[in-house]
Each structure stands twice: as C-alpha cells, then as structure tokens.
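Please work through the exercises below with the sequence and the 3D structure at hand. Each task is followed by a solution in steps.

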Amino acid sequence: MGEQSRMSTENYPSDETLAATRREINEIDQKLLELLNRRLDIVRTLHEHKVRAGLPLRDMAREESMVEQLVEANTGTLSPAGVRRFFTHLLDLIREEIHGA
C-alpha cells in the first residue's frame with residue numbers, strides 16, 4: 001500500500017461519512033460485478049447460437065447503435081465520451097472473455 005493510501009485511511013479511521021460512502025461504493029461494485037457476469041453469460045449463449053447457426057459473430061453496426069442509444073439514454077453526470085469509452089471497453093472485455101484472449 002502506498003504512503004498516500006495509508007495516510008488517507010489512518011487519518012480518518014472514525015469518519016462515519018467516509019465509511020458509509022465506501023460501503024455504498026462496495027455495494028454498487030458488487031451489483032456491477034453481478035450484472036457483468038450475467039451479461040457475459042448471456043453473450044456467451046448468443047455466441048454459441050451464432051456459431052451453431054453459422055451467423056457472423058460480430059455486428060459492428062449493432063455495437064455502434066447500442067453505444068449511441070446508451071449515450072442518448074444517459075441522464076446522469078457521466079459524459080457522452082465517458083459512456084462511449086465505458087461501453088466500448090465493456091464490449092472489448094466481453095469479446096476477450098469469450099474468445100480467451
């Protein structure tokens with residue numbers, strides 16, 4: 001653990017706001033992990049179907065359309081570029097997991 005990390009936790013060991021916020025972040029991270037694994041399982045099933053059916057494995061137009069729909073649907077504080085970057089990385093990660101990169 002770096003000096004900065006040690007200092008930040010040692011200086012505020014009884015800060016309930018800090019502890020509560022970290023718990024909330026941990027809960028969100030757990031939910032994200034569950035959803036990521038669920039998405040991977042679904043995409044893996046779709047991938048197997050496409051292989052059996054002789055369908056193309058990747059649909060670039062679908063990927064681009066999906067990302068743009070998510071950019072448009074975003075009502076939060078994440079920037080459009082952030083939405084694009086996150087989902088582009090997610091698609092890359094899912095492909096790597098399925099193809100064993």
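The model is predicted, so local features need pLDDT of at least 70 and side-chain atom pairs count only at pLDDT 80 or more, while totals for chains, interfaces and linings use all residues. Residues are numbered from 1 along each chain as its sequence is written, and side-chain values use heavy atoms, with hydrogens and water left out.

**Exercise 1.** State how many helices and strands the protein has.

Step 1. Helices (H or I, at least four residues) and strands (E, at least two) are taken as DSSP runs, numbered from the N terminus.
Step 2. The protein has four helices and zero strands.
Step 3. From the N terminus, the order of the elements is α-α-α-α.

**Exercise 2.** Describe how H3 and H4 pack.

Step 1. H3 covers residues 60-73 and H4 residues 80-99; they pack at an angle of about 140 degrees, with axes 9 Å apart.
Step 2. Contact means heavy atoms within 4.5 Å. On the H3 side, the residues that meet H4 include Met66 and Leu70; on the H4 side, Phe87 and Arg95 are among them.
Step 3. The residues of this contact comprise eight nonpolar, no polar and four charged.
Step 4. Val71 touches Pro80, Val83 and Arg84, leaving aside residues up to four places away in sequence.

**Exercise 3.** Identify the residues of the largest nonpolar core.

Step 1. Such a core joins buried residues (under 20% relative accessible area, 1.4 Å probe) through side-chain atoms within 4.5 Å.
Step 2. The largest one consists of Met66, Val67, Val71, Val83 and Leu91.
Step 3. H3 gives the largest share, three residues.
Step 4. Of the 101 residues of the protein, 13% count as buried.

Note on methods:
Axes are lines fitted to C-alpha atoms, for helices over the stretch in contact, and angles run from 0 to 180 degrees between N-to-C directions. Ala, Val, Leu, Ile, Met, Phe, Trp, Tyr, Cys and Pro count as nonpolar, Asp, Glu, Lys and Arg as charged, and the others, Gly among them, as polar. Buried means under 20% relative accessible area, exposed over 50%, partly exposed in between (1.4 Å probe, protein chains only).
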